[in-house]
Amino acid sequence: MKKFYLVFLVLVLAVFVAACNDSSDGNSSGDKDGDWKPSKNIEIVAPSGAGGGWDTTARMAAKVLEEEGLIDQGIGVVNKTGGGGAVGWAYIATKKESPYNLFVTSTPMIDVPLNGQSEYDYTDFTPIANVIADYGAFAVKADSKWENLNDLFDDMKKDPTSVTVIGSSSPGSMDHLKFAKFAKEAGVDITKLKYVSEQDGGELTALLNGSVDVFSTDVSEVVEQVRAGNVRVLAVTSEERLEGETISDFPTGIEQGINTTYINWRGFFGPADLPEEALKYYEQQFKAMTETDAWKEIRANYGWGDLYMGHEEYKAFLKEQVEASQELLDDLGISR
């Protein structure tokens, strides 16, 4: 009888442990109302080096989500550099269905696959929510001969190869394309642009030591250098001047007669086949994050615009972005 009772207890304990493991290590967890919530730490991948736009957005979002109590579990940001984002995307592609592996992305998610540098495009992942609009800036050294964008493009119309442009994105991606868009509008032969890709954080060094002439980047990446008196911003890519200390002094291209804009949207994705309940949860939490005073303060500090889109709106928007980028890549002769 004792032997039978002992066997019975062992079986009950085994079932209990298995149930606990399913709850703590599985892809989903429920609260008392049956809604999904994460039951372990979350990883957000920034497919770039530390300090860039993806990295900053991921870390600021993780900070607000945790400090505002929107997500109870820990959130770690991991940098996976290379391929203009392609290395990070390939990593997430191995995390199919996992609600614990998210990543931040932006315009290169459209451009890089179109120009043949990644086997994965946005349709291989799950768009969750877009959270900001960032804007580009075209910067030169403070003592540059170019006082404005027209001065620069006048020289480039005479000889496009006389100017070297550097950016963090790979050729045929965001920093290249936004500069090309403005140059094309100004009448420059963009098929002859000299663009250098630097993905290891040496862009400003190259600009300041004279190795390159123009830095095509995000506004947030050059603000401190402007304040320090090291660089001059010839133009930003927004429709109107941005609000905020220092950045309100940056002229737009439109002000200078170059009638175009460029928005670098930035948001969060999950892997393919993200469970519906997890998608709904994260979509709600990111929406709540954008409404906090803490997030609004961060946006103001970095010069980011408010551009929240939920899952369905985001998918429709991304489809439109593919069409616009394809046209510009065709003009550059870079399409795969």
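**Entry 1, ground rules.** I worked from a predicted model, where local features need pLDDT of at least 70, side-chain atom pairs count only at pLDDT 80 or more, and totals for chains, interfaces and linings use all residues. Residues are numbered from 1 along each chain as its sequence is written, and side-chain values use heavy atoms, with hydrogens and water left out.

I searched the whole structure for salt bridges (a side-chain nitrogen of Lys or Arg within 4 Å of a carboxyl oxygen of Asp or Glu). The search found 15.

I found a salt bridge here, with the closest N and O atoms 2.7 Å apart. Helices are DSSP runs of H or I, at least four residues, numbered from the N terminus. I then looked up accessibility (buried is under 20% relative accessible area, exposed over 50%, partly exposed in between; 1.4 Å probe, protein chains only). Arg-59 is partly exposed at 35%, whereas Asp-55 is buried at 4%.

Asp-154 is partly exposed at 36%, and Lys-157 is partly exposed at 44%.

Asp-331 is in helix α11 (residues 311–332) and Lys-184 in helix α6 (residues 174–186), so the pair ties together parts 147 residues apart in sequence.

Salt bridges with shared partners join Asp-134, Asp-175, Lys-178, Asp-218 and Arg-266 into one network.

Definitions and conventions:
Helix = DSSP H or I, 4+ residues; strand = E, 2+ residues; numbered from the N terminus.
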